[in-house]
2 protein chains.
Amino acid sequence: VAALGEFDLIRRFFERPGRAGTAVLGVGDDCALLAPAAGALAVSTDMLVAGRHFFPDVDPESLGHKALAVNLSDLAAMGARPLGFTLALALPEVDEAWLEGFARGLFALADASGCELVGGDTTRGPLNLCITVFGEVPPAEALRRDRARVGDDIWVSGTLGAAAWAVADRSEGLVPADAGHRAQAIACLERPQPRLALGQALKGLAGAAIDLSDGLAGDLQHILDRSAGTGPGPLGARLEWPRIPCHPVLDAVSDERRRALALAGGDDYELLFCAPVSAREPIMALSARLGLALSRIGRIEPIAGLRLLDANGLELAFDARSFDHFR
Amino acid sequence: VAALGEFDLIRRFFERPGRAGTAVLGVGDDCALLAPAAGALAVSTDMLVAGRHFFPDVDPESLGHKALAVNLSDLAAMGARPLGFTLALALPEVDEAWLEGFARGLFALADASGCELVGGDTTRGPLNLCITVFGEVPPAEALRRDRARVGDDIWVSGTLGAAAWAVADRSEGLVPADAGHRAQAIACLERPQPRLALGQALKGLAGAAIDLSDGLAGDLQHILDRSAGTGPGPLGARLEWPRIPCHPVLDAVSDERRRALALAGGDDYELLFCAPVSAREPIMALSARLGLALSRIGRIEPIAGLRLLDANGLELAFDARSFDHFR
């Protein structure tokens, strides 16, 4: 493959002229200019490293999808509408087939989400992808981590544990699974669907929200930590294990492992949110409208800590350690 | 050094509570929220890789400064006022002394520039820094690459070539230089000063502008490429070599090498801008007010290409290849 220059590379794979929608200027100047209509811009950044966030041999089209999806998921968790994103890319070499696949996956999701590439940077180096995404949300309506209140129901979208199962299956070899469930689990890992429509519809219904990237238990703890300072007393949560929507691929593993994968597995990119009891009916109606399972899995309580209860109300032990890139 | 968890790491080195200025929410939620007053947000992203953009043993405080400085330089080139930035960091290990130094350099420049850290991501991986910076600028006043016109003067701030000299001196060993000039050159490389005040003051005076990251010749060519389509005929530039403000550390190298370092060296982070002849007096007044040399180095002409002329108006050969991360 002939060496492409840096600017040729941007032009060939990532510049799409005439697509200036929300951006006043697109790729090609010193900066992009964005004009948010809603008055505030939600911003999030994620860095993906080969061998840590994805297998080095992953299909580049899936990687292009996922790199943007995990960022859009942060916008979803704030109730923000996507506007645009920047992409910084370190590549060990210019592999045109790889770049074409990556760009295809990236732009398919970008187009489906109304999120335009507005700027970027490319350099040579160990494979590393850094996306920063921008969305708009009226500040007073944003879903925030610090808005959980005692008595709130705890809800989660979709199913849990499939992506973590697929990582375990790939890296250590696991129990046999139904072929269809296995394929679904791999899709959950490689092609997570950011819950953008859900996040935007939850404005006014839910208080706190977070997207599940590090595992339900750890991410719920972030909500508790951030919300605790805002009320009069301690804040904790009770989760009911029978209500946790485990992905069917987990049927074939032990109870203990199933709890670990569903509650601390990470990479689910579903939304966890807290809402008052009065919001139950509209949330169920929303679930029907979106065709997306929304499960009520527990309650915010005035007791610090996280408790997991079985069908008889007895406390179950589980490993709540979420995935941590520095442990 | 004990292993710090990812969230502890963010909290300890990068979270500074109570600093929410322009950001409605700071670090710690799924997204940061920014509220630009001027109606449009200028956005730029740069990725720095160890061994490519900086020497792996560089002083971390200088690296913290430079990582933000190169991004702020993009805002300067648009005439934008800094608001905030996100930081994504891949680290091979948690080295607390390194992180403390890095954060010190980063925040010193952030505070001096009124640019707040609003979000970030940390992960383990080969050392990689990705900063995305946000500023505000009224869209109609932004300095853009496509605004050069035939007859415009070409200007450049500061002096050129010192950073490229320091890279060459370090990597290949060069001719002896005056000790004071050598120290200045290393400072130019490690602590570039983004020309933010200049960029903002040039709104209404200059048309096109760009910051010099890849070398004057290549960066000027970007302005010519972007501006060419906007006028009736071809667009090119004439540069007068005696007017090029070479840094004094270049005095000790050959003429040919001096031209290469000053015109194609890269890493200068000065502003190159084009302005009508009528703006000469206010630009010289601005130079005096800012205490910053502004040199008129050439002219935009209706002939494609870039010409370098000596004191007698004769054309000089020079190597115009700018630094390119994929060649």
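Predicted model: local features only at pLDDT ≥ 70, side-chain atom pairs only at ≥ 80, totals over all residues.
**Entry 1. Strand β9 of chain A**

I began with one residue pair: A:Arg238 stands opposite A:Arg299 in β11(A). I then looked up the strands around this pair. Strand β9, residues 236-240 of chain A, pairs with strand β11, residues 294-301 of chain A, in the antiparallel sense over four bridges.

Next I asked which strand is joined to β9(A) by five bridges. I found strand β12, residues 305-309 of chain A, and the two run parallel. In this pairing A:Glu240 stands opposite A:Leu309 in β12(A).

**Entry 2. Confidence**

I checked the scores before reading further. Chain A averages a pLDDT of 87, and 87% of the residues score at least 70. For the model I noted ipTM 0.82 and pTM 0.86.

Where in chain A does pLDDT stay under 50? I located this at residues 322-327 of chain A, for which the model has 25 contacts beyond four places in sequence.

I traced the strand order in chain A and wrote it as β8-β10-β7-β11-β9-β12. These six strands form an open sheet, and the pairing is mixed. I identified the edge strands as β8 (209-211) and β12 of chain A, each of which pairs on one side only. Neighbouring strands of this sheet are turned by 25° against each other on average, when direction is ignored.

I then looked for a helix on this sheet. Helix α9, residues 280-290 of chain A, lies across β7 (153-157), β10 (271-275) and β11 of chain A. I noted that α9 runs at about 150° to β11(A).

**Entry 3. The sheet of chain B**

I repeated the search in chain B. There I found an open sheet of six strands with the order β8-β10-β7-β11-β9-β12 and mixed pairing. Why is one side of β8 and of β12 in chain B left without a neighbour in the sheet? These strands, β8 (209-211) and β12 (305-309), stand at the edges and each has a single partner strand, so one side of each has no neighbour there. The twist from one strand to the next averages 25°.

I examined one pairing inside this sheet. Strand β7, residues 153-157 of chain B, and strand β11, residues 294-301 of chain B, pair in the antiparallel sense over five bridges. The bridge partner of B:Trp155 in β11(B) is B:Arg296. I also saw that helix α2, residues 60-78 of chain B, packs on the sheet and touches β8 and β10 (271-275) of chain B. The direction of α2 makes about 175° with that of β8(B).

In chain A, helix α4 (residues 162-172) and helix α5 (residues 179-190) pack at about 100°, with their axes 7 Å apart. That makes α4(A) roughly perpendicular to α5(A). From α4(A) I listed A:Ala162, A:Ala163, A:Trp165, A:Ala166, A:Val167 and A:Asp169, which meet A:Arg182, A:Ala185, A:Ile186, A:Cys188 and A:Leu189 in α5(A). The residues of this contact divide into nine nonpolar, no polar and two charged.

The contact includes B:Trp165 and B:Asp169 of α4(B), and B:Arg182 and B:Leu189 of α5(B). Its residues divide into nine nonpolar, no polar and two charged.

**Entry 4. Aromatic pairs**

I found five aromatic pairs over all chains. I looked up the rings of A:Trp98 and A:Phe102: their centres are 5.3 Å apart and their planes lie at 10°, so the pair is stacked. I finally noted that A:Trp98 and A:Phe102 are separated by about one helical turn, because they are four residues apart in helix α3 (residues 96-113) of chain A.

Key. Residues numbered from 1 in each chain as written. Chains lettered and ligands numbered in written order. Heavy atoms only, no water. Axes fitted to C-alpha atoms, helices over the stretch in contact; angles between N-to-C directions. Parallel < 35°, antiparallel > 145°, perpendicular 65-115°, else oblique. Contact = heavy atoms within 4.5 Å. Nonpolar A, V, L, I, M, F, W, Y, C, P; charged D, E, K, R; others polar. Pairing = 2+ DSSP bridges. pLDDT = per-residue confidence, 0-100. Phe/Tyr/Trp six-rings, centres within 6.5 Å; stacked < 30°, edge-to-face > 60°.
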